[in-house]
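I opened my notebook to record what I could look up in one structure.

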Amino acid sequence: MAQLIKLYDYISRYEVDPYRYPGQFIRLKKQQWEKVLDAWEGKTLHSVMKETVEPERNFEMSRKQTIINKLKNKFSKNKDNIESITIPLLIEERAMSEEDLSVEFTTEPKNLEELKSLFLDDIFRFQIRWASSTLLEKSIVEKSVYHDPIIRYFLQSIPDHFLLLYKPVLILQKAPVELDIILISPTEIYCITLLERLSDVTYIGSKENFWIEKGIDFENKILNPLLSLNRTGTVVQKLMKSAGVELPIKKVIISRNSYIDYPVPPYDVILLDKRTYNNWFQQIRGSSSPLKHVQLKATQSILTYGLSSSFKRQEWVKDVE
């Protein structure tokens with residue numbers, strides 16, 4: 001299951017520590033799956049579900065009180081030293097427990113496949129929370145995000161060691177810039193634009209500002225997808241060069257449900273449509289390379305410029321006051 005490390009302009013805990021959280025997610029997911037699978041095979045899943053959901057609330061209250069106590073101590077010693085006050089918060093932010101990943105589905109599965117499906121759905125919701133909050137801040141998540149089939153598809157179909165930035169918004173030269181999908185693998189960076197407005201149509205590509213979307217009895221003009229794809233590719237390339245990251249950057253246009261007709265496409269763009277997409281995707285899914293340092297460095301070089309629209313969690317504000 002790919003990791004969602006940046007979503008739109010939402011704050012993400014991966015921005016706090018991009019080197020730590022990817023490995024932690026893989027470990028927590030594995031531990032929780034083993035716990036759920038053992039409980040299901042032992043026919044004790046119902047009790048495990050209760051034990052994992054309820055203690056999470058107690059754990060959050062306990063961790064919250066610990067931080068508040070540390071804050072009070074810091075304030076009493078030196079009210080003006082803001083930097084020293086943030087130290088315990090960073091310590092607690094890094095002290096994330098496996099309690100943060102707990103089973104929340106309420107129906108018991110009838111078979112192993114249903115168990116996997118319920119588990120993946122639960123991890124999906126968990127990832128949205130991680131990609132829209134930190135210990136102290138959170139972003140307002142639109143309900144449509146939880147029902148977005150594209151986000152769900154990429155997260156639930158790609159291995160854990162792939163890192164996904166879904167239309168991230170960056171601040172570049174003091175201006176916000178929205179990019180397309182960025183998928184960072186251990187060996188490559190994919191900049192992806194999707195063409196999925198309609199099914200079983202043909203997209204006729206060209207160098208012009210518009211492409212043709214052609215069906216059986218209609219034709220539409222659509223904005224050339226290469227415009228946004230090239231912008232994303234250029235930004236990523238510059239950020240990688242600035243950070244000294246050496247990973248191949250590949251620009252990809254994908255239409256899973258239709259066809260792309262472009263006789264002589266740009267040499268640096270991969271076109272994948274209904275005829276060719278599955279082969280490419282199976283290669284991605286078959287990747288077994290673990291997380292790499294250069295991959296995490298690439299992640300950091302992008303997240304450093306991420307725009308984060310968020311607010312302080314009210315429970316922390318009230319207690320600190």
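**Entry 1: the open sheet**

I began with an open sheet of four strands, which has mixed pairing and the order 10-9-8-12. Strands here are DSSP E runs of at least two residues, helices are H or I runs of at least four, and both are numbered from the N terminus. Two strands pair if DSSP finds at least two bridges between them. Strand 10 (219–223) and strand 12 (259–261) stand at the edges; each has a single partner strand, so one side of each lacks a neighbour in the sheet. Neighbouring strands of this sheet are turned by 30 degrees against each other on average, with direction ignored. The axes for that angle are lines fitted to C-alpha atoms, and angles between N-to-C directions run from 0 to 180 degrees.

I then looked at one pair. Strand 8 (residues 202–204) and strand 9 (residues 210–214) run antiparallel and are joined by three bridges. I204 stands opposite I212 in strand 9.

**Entry 2: ground rules**

The model is predicted: local features need pLDDT of at least 70 and side-chain atom pairs need 80 or more, while totals for chains, interfaces and linings use all residues. Residues are numbered from 1 along each chain as its sequence is written, and side-chain values use heavy atoms, without hydrogens and water.

**Entry 3: the whole chain**

I noted nine helices and 14 strands in the protein chain. Of its 321 residues, 45% are buried. Buried means under 20% relative accessible area, exposed means over 50%, and partly exposed is in between (1.4 Å probe, protein chains only).

**Entry 4: helix 7**

Which residues of helix 7 (residues 277–285) are buried? I found Y277, W280, F281 and I284. Seen down the helix axis, they fall within an arc of 95 degrees, so they line one face of helix 7. The arc is taken from the directions from the helix axis to the C-beta atoms. On the other side, N278, N279 and Q283 are exposed. I also noted a general rule: an α-helix has 3.6 residues a turn, so residues three or four places apart point the same way.

What do the buried residues of helix 7 pack against? I listed helix 5 (149–157), strand 7 (189–194), strand 11 (249–254) and strand 13 (269–272). Contact means heavy atoms within 4.5 Å.

**Entry 5: the core**

The largest nonpolar core has 72 residues, and L4, L7, I192, W211 and W280 have the most contacts inside it. Helix 4 (residues 112–130) gives the most to this core, with seven residues. Such a core is a set of buried Ala, Val, Leu, Ile, Met, Phe, Trp, Tyr and Cys residues joined through side-chain atoms within 4.5 Å. I followed L7. Leaving aside neighbours within four places in sequence, L7 is in contact with I128, A131, V145, I151 and Y166.

**Entry 6: two loop residues**

Most residues other than glycine have a negative phi. I looked up two with a positive value. K167 is not a glycine, yet its phi is about 45 degrees. K167 lies in the loop between strand 3 (163–166) and strand 4 (169–172). Its relative accessible area is 31%, so K167 is partly exposed. Q173 is not a glycine either, and its phi is about 55 degrees. Q173 lies in the loop between strand 4 and strand 5 (175–178). At 81% relative accessibility, Q173 is exposed.
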